[in-house]
Amino acid sequence: MVETTAPQLNLGLSEEARRGVADILKTLLADEMVLYVKLRNYHWNVTGPQFIALHELFEEQYDALAEVIDDTAERIRQYGEMTPGTLEEFKKLARLTEQPGEYPDWRTMVANLVADHEALIRYLREDTDKIDDDYDDIASEDFLTGLLQQHQKMAWLLRAHLEGA
Ligand SMILES: [Fe+2]
């Protein structure tokens with residue numbers, strides 16, 4: 001039996017760029033996990049006249065985020081790093097925050113989710129700029145730009161519930 005080892009990873013990026021991009025993805029993964037759990041929480045605990053609409057919308061969004069999370073985690077592996085996979089690490093890494101023990105009314109739930117999606121939109125813009133300026137990694141710019149578009153649509157679908165009501 002011949003023992004083989006994988007060849008050295010060569011993505012055409014400097015070591016600094018490879019690590020820098022992976023760090024951005026780890027932070028993004030943690031934020032997506034916080035938002036995913038918040039959507040689950042609100043799906044379970046929402047009440048009021050918009051119950052069915054919001055219960056279902058929150059589910060659609062956490063299902064979409066489950067795919068985003070998996071894609072993000074697998075990209076970290078593609079950059080040669082281990083993917084954070086524990087709640088403790090996610091909590092430490094995340095920029096988004098939770099509100100434990102609070103069960104807000106449906107309007108506050110929707111407003112909190114809009115705020116989180118919009119915060120992510122701003123983070124994704126900054127991260128994309130940094131990847132362009134410092135690391136010149138077109139694949140990651142493209143990936144983050146796709147996520148930015150998804151969060152824009154999710155923010156709009158939520159925001160519409162608060163407008164004209
Ligand atoms: Fe459910």
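The model is predicted. The protein has 5 helices and 0 strands, and its order along the sequence is α-α-α-α-α.

**Overall build**

- The C-alpha trace of the protein spans about 65 × 40 × 25 Å along its principal axes.
- Of the 165 residues in the protein, 27% are buried.

**Helices H1 and H4**

- Helix H1 covers residues 15–45 and helix H4 covers residues 106–135.
- H1 and H4 pack with their axes 11 Å apart, at an angle of about 170°.
- Because angles over 145 degrees count as roughly antiparallel, H1 is roughly antiparallel to H4.
- On the H1 side, the contact is made by Ala17, Gly20, Val21, Ile24, Leu28, Asp31, Leu35, Lys38, Leu39 and Tyr42.
- On the H4 side, the contact is made by Met109, Leu113, Asp116, Leu120, Tyr123, Asp127, Ile131, Asp134 and Tyr135.
- Sorted by class, the residues in the contact of H1 with H4 are 13 nonpolar, 1 polar and 5 charged.

**Leucine 120**

- Leucine 120 lies in helix H4 and is one of the H4 residues that make the contact with H1.
- Leucine 120 has 25 other C-beta atoms within 10 Å; a residue with 20 or more counts as buried, so leucine 120 is buried.
- Leucine 28, which belongs to the H1 side of the contact, is 92 residues from leucine 120 along the chain, and the C-alpha atoms of the two are separated by 8.4 Å.
- With neighbours within four places in sequence left aside, leucine 120 is in contact with Asp31 and His151.
- Of these two partners of leucine 120, Asp31 is listed among the H1 residues that make the contact with H4.

**Aspartate 136**

- Aspartate 136 sits in the loop between H4 and helix H5, where H5 covers residues 138–159.
- The phi angle of aspartate 136 is near 50°, which is a positive value in a residue other than glycine.

Note on methods: Residues are numbered from 1 along each chain as its sequence is written. This is a predicted model: local features need pLDDT of at least 70, side-chain atom pairs count only at pLDDT 80 or more; totals for chains, interfaces and linings use all residues. Helices (H or I, at least four residues) and strands (E, at least two) are DSSP runs, numbered from the N terminus. A residue is buried if 20 or more other C-beta atoms lie within 10 Å of its own, exposed if 12 or fewer, and partly exposed in between; C-beta atoms are placed from the backbone. Axes are lines fitted to C-alpha atoms, for helices over the stretch in contact, and angles run from 0 to 180 degrees between N-to-C directions. Angles under 35 degrees count as roughly parallel, over 145 as roughly antiparallel, 65 to 115 as roughly perpendicular and the rest as oblique. Two residues are in contact if their C-beta atoms, placed from the backbone, lie within 7 Å. Ala, Val, Leu, Ile, Met, Phe, Trp, Tyr, Cys and Pro count as nonpolar, Asp, Glu, Lys and Arg as charged, and the others, Gly among them, as polar.
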